[in-house]
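Please view the sequence and the model together before reading on.

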Amino acid sequence: MAGHWHAGRFILPLQRPLVMGIVNVTPDSFSDGGRHAHALPALRHAQALVEEGADILDIGGESSRPGSPRLTHAQEWARIGPVLEEAVRWNVPVSVDTYQPETMRRALDLGVDIINDIHALQRPGALETVAKSDAGVCLMHMQGEPESMQHAPHYADVVGEVSRFLLARAASVESLGVDRSRIALDPGFGFGKTLQHNLTLAKRLPELAQSGYPLLVGVSRKSMVGALTGREVAARLPGSLAAALACVAAGAQIVRVHDVAPTVDAIKVWHAMAR
Ligand code: 7PM
């Protein structure tokens, strides 16, 4: 049960940690606006991540960045639709990073395997949309909303609150008929959390792992790594590798990263030596 993640066309074995490669689809300001103009660089990047050893591709339209304007469904789909359409032809699990139910529905119609939702399927219609599919789902914890979540995050008990929230969301998903083997949980590093909250969650990840659901974590290039190293985003690879390994050692089974090749190497070495 805890040994696999059922995700659309795939049954992903969790005997070794899996690497989910991040594909951000951004609008191409240099193009004349052809429908696939931004899809091509994103697809080339996605292909490179597969060659580097990504086990899963996570494709998103950068709609949840603090300070960046929310995308409508139409804007989000214009970015990611053409990329998803091509990526689902490859023999690799495709995840879509979205909280918009209409985007989920269209992505699932294309055959996407995983819904990765930073809002944990709380938007109206999201639960039902996923329930009608056979996709895997990643439920992530966030305190507040992306625009303001880092203003003053507060918890009486960060591990308790995050784990109670995630287990309640998992129960809601299961109540609509989704088998628990399709669900992964994510504490949402950096989403309404101070450095101390992130460190407490990382240290106590084994308590979340107790739930039996696979744990997915995203620490790649995040401000937590910046705060601990004093490095700008472009120089956070070594810190990000250490953070990914610390999470894996604490029970995370899937790591969501920008730098796939170095992460695959780091995990291979860690896995051979520590397990
Ligand atoms: C600004 C803020 C830029 C946040 C980028 C981000 C996660 C995710 C993201 C995560 C899951 C980033 C994040 N982070 N999905 N989507 N878990 N499941 O660093 O931690 O990529 S966006």
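The sections below treat the cysteines and the salt bridges of this predicted model.

## Cysteines

The model contains zero disulfides. Cys138 takes part in none, and the nearest cysteine sulfur, that of Cys247, is 13 Å away. Because a disulfide requires two cysteine sulfur atoms within 2.5 Å, the 13 Å between the sulfur of Cys247 and that of Cys138 is too far for a bond.

Cys138 is buried, with a relative accessible area of 0%. Cys247 is also buried, at 3%.

Twelve salt bridges are found in the whole structure. One of them joins the side chains of Arg16 and Asp55, with an N to O distance of 2.9 Å. Arg16 lies in the loop between strands E2 and E3, and Asp55 in the loop between helix H1 and strand E4, so the pair ties together parts 39 residues apart in sequence. Arg16 is partly exposed, at 41% relative accessible area, whereas Asp55 counts as buried, at 15%.

Arg70 forms a salt bridge with Glu147, their closest N and O atoms being 2.7 Å apart. This pair links distant parts of the chain, 77 residues apart: Arg70 is in the loop between E4 and helix H2, and Glu147 in the loop between strand E7 and helix H5. Arg70 is partly exposed, with a relative accessible area of 32%, and Glu147 is partly exposed at 46%.

Terms used: Residues numbered from 1 in each chain as written. Predicted model: local features only at pLDDT ≥ 70, side-chain atom pairs only at ≥ 80, totals over all residues. Heavy atoms only, no water. Buried < 20%, exposed > 50% of the residue type's maximum accessible area, 1.4 Å probe, protein only. Salt bridge = Lys/Arg side-chain N within 4 Å of Asp/Glu carboxyl O. Helix = DSSP H or I, 4+ residues; strand = E, 2+ residues; numbered from the N terminus.
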